[in-house]
Amino acid sequence: MPPAIDESNGSHNRAASPSQNVKAIMSFSLSVARLTLIEALRTRLPWLAAIVVALALGLAQFLGQVAIIEAAHIQATLLATLLRVTAVFIVVTFVVTSMVRETSDKVTELLLSQPAPRSAYFFGKLAGYFAVAGLIAISFAIPLAFFSSPGGLLLWTLSLLCELTIMAALSLFCVLSLTQVVPAISAAAGFYLLARSMTTIQLIAAASLSHDPTLTDRIVSWGIAAVAMLLPSLDLMTPSSWLLSMPDPSALTVVLVQTALYLPLLASASLFDLYRKNF
Amino acid sequence: MNERPLTDVPRTVLFTLLIAFSLQLAGKALQPPPRAQASDLDSTPSRIVLQLAGFGDTVPVAKLLMLHLQAFDLQGANQIAYRQLDYDRLSDWLERILELDPTGQYPLHAASRIYAEVQDQNRQRKMLDFVYNSFFADPDRRWRWLAHAAVIAKHQLKDLPLARRYAAAIQQHARGKDVPLWARQMEAFILEDMDELESAKIMIGGFIASGQVSEAGELRFLEDRLKEIELRLQTQKKKR
């Protein structure tokens with residue numbers, strides 16, 4: 001465990017220097033991240049990822065047998081979609097169940113009783129979940145290496161990593177706020193589906209048959225626009241088309257900017273909830 | 001009370017939350033609004049794929065597809081984009097949607113009242129053909145769209161034989177109780193416009209004699225039309 005620091009509101013111990021305090025907090029966060037990774041290993045997440053990769057390769061083989069032309073394209077795009085959705089599902093369920101189990105076992109209380117601010121605990125957990133997301137993104141990119149261009153696959157994997165980090169941070173926010181497995185997973189799944197289909201919903205909303213929209217039409221339209229403002233543009237992330245031909249690198253910039261904008265929002269919203277919570 | 005007071009939240013967290021929220025809103029506001037393109041209409045997915053997408057329930061898939069299709073051209077009530085659509089593909093999409101939801105009327109409504117209203121006769125004919133070909137699968141429910149197609153063929157395309165073909169199909173196949181008499185009488189009036197007065201006379205006379213016309217006003221209207229046709233026939237005979 002790290003050296004002693006004053007916990008109450010994260011203020012520094014008068015006896016320790018500021019640099020010692022920062023080191024202690026970092027050390028605590030790293031310990032929490034390491035514990036999260038160990039938990040992922042012990043809950044057989046690597047085995048699950050390996051089974052998914054093996055199944056994906058089997059499916060690719062089957063698709064290759066069935067397709068008459070463009071077999072590699074069909075294999076790459078279908079596998080990419082399946083692997084992306086599976087990766088999101090695994091990350092979301094892992095984050096939610098891990099947090100709920102930790103709370104039930106009173107491990108959260110034990111960690112929060114340590115002489116470190118709550119933010120140190122939070123960032124430790126977040127770092128651990130990001131590491132899990134990174135491992136899943138890399139392992140899920142392996143089967144696609146057989147059917148896609150290396151440059152496209154690299155950008156796709158980076159984009160998948162961004163998508164998974166957003167979903168990990170969102171799941172953490174949901175489970176900290178909702179505390180139960182089913183509501184938290186449902187909220188994360190609803191968020192994912194909505195964020196992925198928001199552009200289509202906006203297009204459909206803009207395509208009203210009525211030339212003279214009523215007040216209800218306008219309210220619905222404003223509501224959709226407001227929800228769209230709050231959601232990240234997940235539909236721009238990890239498109240399977242990137243695997244077929246090297247995309248314009250600016251496409252990845254959009255993904256990185258969106259991730260850089262959304263992660264601080266989710267992290268600060270989660271911290272807000274965590275600081276107000278009584279354990 | 002399970003919550004701590006707001007003052008327990010460090011100011012840095014509140015500040016970061018406000019800044020991050022503002023940046024997210026600003027970032028989204030700077031993004032261009034989503035815009036559909038007519039050229040983006042892809043080829044129709046197979047029925048099997050759509051069945052899989054709907055987990056076996058095809059009707060919701062059909063409804064969603066119809067809204068998706070509508071989004072390609074109805075941007076802010078701008079109907080100019082219709083002309084840019086590939087009408088062969090559009091026809092395939094409408095056919096597939098109707099196949100998934102045979103009782104749905106939306107594809108036929110869209111074909112006859114929206115897509116057939118463009119100022120391009122080839123495209124109009126494609127949509128009317130779609131309505132005509134679809135009509136025979138369920139005449140008692142789909143007659144109204146074919147009736148509208150007949151009106152378009154007569155007044156916009158000025159193609160009376162085509163209008164007559166549609167009207168004849170309604171007259172011969174739409175036999176349900178809900179099919180109004182005026183729809184079944186359309187062929188007679190189109191024949192009259194085509195100057196095929198003998199046929200029109202027989203048809204209108206047949207309606208009157210059949211006893212299907214129960215309303216006095218409608219009966220009087222038909223009898224007046226019959227008299228007019230007889231007069232025109234006599235005039236034609238005299239000229240000869």
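**The lining of the second largest pocket**

Reply: Sorted by class, the second largest pocket is lined by 16 nonpolar, six polar and two charged residues. In this sorting, Ala, Val, Leu, Ile, Met, Phe, Trp, Tyr, Cys and Pro count as nonpolar, Asp, Glu, Lys and Arg as charged, and the others, Gly among them, as polar. The model is predicted, so local features need pLDDT of at least 70 and side-chain atom pairs count only at pLDDT 80 or more, while totals for chains, interfaces and linings use all residues. Residues are numbered from 1 along each chain as its sequence is written, chains are lettered from A and ligands numbered from 1 in the order in which they are written, and side-chain values use heavy atoms, with hydrogens and water left out.

Pockets and cavities are found on a 1 Å grid over the protein atoms alone: a cavity is a set of points where a 1.4 Å probe fits but cannot get out, a pocket is an open set with protein on both sides within 12 Å along at least five of seven lines, and lining residues have an atom within 4 Å of a point. Grid points are joined across faces, edges and corners, and a volume is the space filled by probe spheres set on the points.

The volume of the second largest pocket comes to about 790 Å³. Its lining consists of 24 residues, of which A:T199, A:Q202, B:P32, B:P33 and B:P34 are the closest to its centre. Two or more lining residues come from each of α7 (181–206) and α8 (215–230) of chain A and α1 (11–30) of chain B. The most is given by α7(A), with seven residues. Helices (H or I, at least four residues) and strands (E, at least two) are DSSP runs, numbered from the N terminus.

Over the whole structure, a search finds two cavities of 30 Å³ or more. The largest cavity has a volume of about 50 Å³, and among the residues that line this cavity are B:A62, B:K63, B:D101 and B:Y106. Both α3 (58–70) and α5 (106–114) of chain B give two or more residues to its lining, and α3(B) gives the most, with three residues. By class, five residues that line the largest cavity are nonpolar, two are polar and two are charged.

Chain A, which gives α7 and α8 to the pocket lining, has nine helices and zero strands. Its C-alpha atoms fill a box of roughly 70 × 55 × 35 Å along the principal axes. Of the 279 residues in chain A, 46% are buried; buried means under 20% relative accessible area, exposed over 50%, and partly exposed in between (1.4 Å probe, protein chains only). Among contacts in chain A with a separation of 6 or more, 79% join residues 24 or more positions apart, a contact being heavy atoms within 4.5 Å.

The nonpolar cores come next. Such a core is a set of buried Ala, Val, Leu, Ile, Met, Phe, Trp, Tyr and Cys residues joined through side-chain atoms within 4.5 Å. The largest has 82 residues, and A:I136, A:F140, A:L164 and A:L172 touch the most other members. Helix α6 (residues 150–178) of chain A supplies the largest share of this core, 15 residues. Apart from neighbours within four places in sequence, A:L164 contacts A:A87, A:V88, A:V91, A:A133, A:I136 and A:A137. A second, separate core of 48 residues includes B:L100, B:W145, B:M186 and B:I190.

Aromatic rings complete the account. Rings of Phe, Tyr and Trp (its six-membered ring) pair if their centres lie within 6.5 Å; planes under 30 degrees apart count as stacked, over 60 as edge-to-face and the rest as tilted. Over all chains, the structure has nine aromatic pairs. The ring centres of A:F94 and A:Y129 are 5.8 Å apart and their planes stand at 80 degrees, so this pair is edge-to-face. Because A:F94 lies in helix α3 (residues 71–104) and A:Y129 in helix α5 (residues 118–141) of chain A, the pair ties together parts 35 residues apart in sequence. A:F94 is buried, at 6% relative accessible area, and A:Y129 is buried at 1%. In chain B, the rings of B:Y132 and B:Y166 have centres 5.2 Å apart and planes at 35 degrees, so this pair is tilted.
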